[in-house]
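Q: I have a chain open and want to go through it with you. Can we start with the charged contacts?

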Amino acid sequence: MLTANKLEAIMELESNLRDQYQEQLDTKTAEIDRLSARESELQAAIDKQLETITELTSKATDSQKAEQRARELHNRSERLVAEIAELKQRIKSLQKDLAAVREENKTLTQFDPVRMKKNLDASKKKLADKTSAADLLQKTLSETKKENAELQRKVAELEAKVAESEAEATDAPESEAKEESAAA
């Protein structure tokens, strides 16, 4: 029975303690409930903030991606602008080259090969005609020189004969006069 008495004493002690501390227990339980509710509210706020942070992180990531894309596009546009400027320079130099080639082509088309060939053939024909005419004139000149030399030789012979005849004619009247004077 000792145990029953001890048990009763413990129960009584528990009941006294409960009466004595019941208010504190109730206030502590109420505070625990209140803090649990507060903890739930805070946990809900934390969950909401975590969700907001996650959403903002994804938006920030999207924003960073957009900014990165914008930087890449800006760099690409700058490279394209530089390439376009280089191509413009190249186009200008090619246009200058084209103008030079056109000018050269213009001067070369002035010398039409077909027309030049015809002119060359005509010139060759004229040259052949002139050469043959010159050869003919040269032969004629040679013959004329020979005839002239021969005629001059004949003229010289005739002049010599005339001079001889005149000398005889002048000698003949003197010899006739001498003959007449000798005959007289």
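Q: What does K154 form a salt bridge with?
A: K154 pairs with E150, and the closest N and O atoms are 3.9 Å apart. A salt bridge here is a side-chain nitrogen of Lys or Arg within 4 Å of a carboxyl oxygen of Asp or Glu. This is a predicted model, where local features need pLDDT of at least 70, side-chain atom pairs count only at pLDDT 80 or more, and totals for chains, interfaces and linings use all residues. Residues are numbered from 1 along each chain as its sequence is written, and side-chain values use heavy atoms, with hydrogens and water left out.

Q: Where do K154 and E150 sit, and how many residues apart?
A: They lie in helix α2 (residues 113-183), four residues apart, so about one helical turn separates them. Helices are DSSP runs of H or I with at least four residues, strands are runs of E with at least two, and both are numbered from the N terminus.

Q: Why is K154 called partly exposed?
A: Because its relative accessible area is 39%, and partly exposed is the range between buried, under 20%, and exposed, over 50% (1.4 Å probe, protein chains only). E150 is also partly exposed, at 41%.

Q: What about E157, which residue does it meet in a salt bridge?
A: R153, at 3.0 Å from N to O. Both residues are in helix α2, four residues apart, about one turn of the helix. E157 has a relative accessible area of 39% and is partly exposed; R153 is partly exposed too, at 45%.

Q: And which residue does E41 pair with?
A: The E41 side chain meets that of R38 in a salt bridge, 3.9 Å from N to O. Both lie in helix α1, three residues apart, about one turn of the helix. R38 counts as partly exposed because its relative accessibility is 43%.

Q: How many salt bridges in the whole structure?
A: Five.

Q: How many positive and negative side chains does the chain have?
A: There are 32 positive and 39 negative ones, and the centres of the two sets lie 3 Å apart. Lys and Arg count as positive, Asp and Glu as negative, while His and the chain ends are not counted. Each charge is placed at NZ of Lys, CZ of Arg, CG of Asp or CD of Glu.

Q: Switching to nonpolar surface. Which residues make the patch?
A: L13, L17, Y21 and L25 make a nonpolar surface patch of about 360 Å². Patch residues have over 30% relative accessible area and no salt bridge; like charges are joined within 9 Å, and nonpolar side chains (Val, Leu, Ile, Met, Phe, Trp, Tyr) within 5 Å. Accessible areas come from the Shrake-Rupley method with a 1.4 Å probe, and for residues only the protein chains shown count as cover.

Q: Where is L25?
A: In helix α1, residues 2-110. L25 is partly exposed, at 45% relative accessibility.

Q: Back out to the whole chain. What is its secondary structure?
A: Two helices and zero strands. The radius of gyration is 74 Å, well over the 16 Å that the globule rule gives for 184 residues, so the chain is more spread out than a compact globule. That radius is taken over C-alpha atoms, and the rule is 2.2 Å times the number of residues to the power 0.38.

Q: What does the C-alpha trace span?
A: About 245 × 30 × 30 Å along its principal axes.

Q: What share of the residues is buried?
A: Buried residues make up 0% of the 184.
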